[in-house]
Amino acid sequence: MSTSQPRQPTLHSFGLDAVWLASRIEESPVLLDLTDGMPRFERTIPRPGADRFAAILFDPASGTRLLVEVQLGDADTDQLARALDLWAAEHIRLPVGHRLVLAAEHIPADIAHAAALARATAPVELLELRAEQTGSIVNVYGEPVPLPSGDGPAPALP
């Protein structure tokens, strides 16, 4: 008997990719559930390699820009580095409030710990992307992942 938890369905398992997801975010940025209001889409930033992009949103209720670094599959340190680079560049380009969101279909424990450490520099948040199919329609939504506290030891790297 297996004691491992079943993996959540991925966008690839439904025949979808990052281009499809970027289009859905552009059409309706509220699907990420990052604010209580209705964020507005500003732009998409393509990234090298498949299944990666960044989306910049604006929350008019708070006056905050949301910098969302998206990667299908597992989050990794390269994604976190891209996110921090984006935050630094956008913070200089437009010095207003920014929230930095690392979004992936799975956030491994070591990446959550690294994001918690990066929070000393930038306001990093984590978001796991969930995909569910109802009939012929695939719904995607974001589920916040709490950052670990700095009290415990870092998880071992694989």
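**A friendly note on the fold**

1. Let's start with a helix: the buried residues of α3 pack against α2, β4 and β5. Helix α3 spans residues 109–118, and its buried members are Asp-110, Ile-111, Ala-112, His-113, Ala-115 and Ala-118. Buried means under 20% relative accessible area, exposed over 50%, and partly exposed in between (1.4 Å probe, protein chains only). Contact means heavy atoms within 4.5 Å.

2. A word on what you are looking at. This is a predicted model, in which local features need pLDDT of at least 70 and side-chain atom pairs count only at pLDDT 80 or more, while totals for chains, interfaces and linings use all residues. Residues are numbered from 1 along each chain as its sequence is written, and side-chain values use heavy atoms, with hydrogens and water left out.

3. Now the overall plan. The chain has three helices and six strands, and along the sequence they come in the order α-β-β-β-α-β-α-β-β. Helices (H or I, at least four residues) and strands (E, at least two) are DSSP runs, numbered from the N terminus. Of the 158 residues in the chain, 40% are buried. Among contacts with a separation of 6 or more, 54% link residues 24 or more positions apart. The accessible surface is about 8600 Å², with 56% of it belonging to carbon and sulfur atoms; such areas come from the Shrake-Rupley method with a 1.4 Å probe, and for residues only the protein chains shown count as cover.

4. Follow the strands from β1. Strand β1 (residues 40–46) pairs with β2 in the antiparallel sense over six bridges; two strands pair if DSSP finds at least two bridges between them. Pro-46 has Phe-53 in β2 as its bridge partner. Five residues separate β1 and β2 in their hairpin, and Gly-49 in the turn has a positive phi of about 90 degrees.

5. Next comes the other neighbour of β2. Strands β2 and β3 run antiparallel and are joined by eight bridges, with Ile-56 opposite Leu-67 in β3. Their hairpin has four residues between the strands, and Gly-63 there takes a positive phi near 75 degrees. Is β2 enclosed or open? Six of its eight residues are buried, so β2 is largely enclosed by the rest of the structure.

6. Eight bridges join β3 to β4 in a parallel arrangement, and Leu-67 stands opposite Leu-100 in β4. Together with helix α2 (residues 77–93), these two strands make a right-handed β-α-β unit. Right-handed here means that, with the strands pointing away from the viewer, the path from the first strand over the helix to the second runs clockwise.

7. Strand β4 is mostly covered, since seven of its nine residues are buried. Five bridges link it to β5, again running parallel, and Ala-103 finds its bridge partner in Leu-127 of β5.

8. The last pair is β5 with β6, antiparallel over nine bridges. Glu-128 has Glu-143 in β6 as its bridge partner. Two residues lie between these strands in their hairpin, where Gly-135 has a positive phi near 65 degrees.

9. Which residues have the most contacts inside the largest nonpolar core? They are Leu-11, Leu-21, Ile-25, Leu-32, Leu-34, Phe-53 and Val-68, in a core of 23 residues. Two or more residues each come from α1 (18–27), β2 (52–59), β3 (64–74), β4 (98–106), β5 (124–134) and β6 (137–145). A nonpolar core is a set of buried Ala, Val, Leu, Ile, Met, Phe, Trp, Tyr and Cys residues joined through side-chain atoms within 4.5 Å. A second, separate core of 20 residues includes Ile-56, Ala-75, Leu-80 and Ala-115.

10. Finally, have a look at Gln-71 in strand β3. At 5% relative accessibility, Gln-71 counts as buried. Its side chain makes a polar contact of 2.6 Å with the side chain of Arg-82, and one of its side-chain polar atoms lies 2.9 Å from the backbone oxygen of Asp-74. A polar contact is a pair of N or O atoms within 3.5 Å; within protein, one must be able to donate a hydrogen and the other to accept it, and residues adjacent in sequence count only if both atoms are side-chain atoms. Beyond four places in sequence, the contacts of Gln-71 include Asp-51, Arg-52, Gln-79 and Ala-103.
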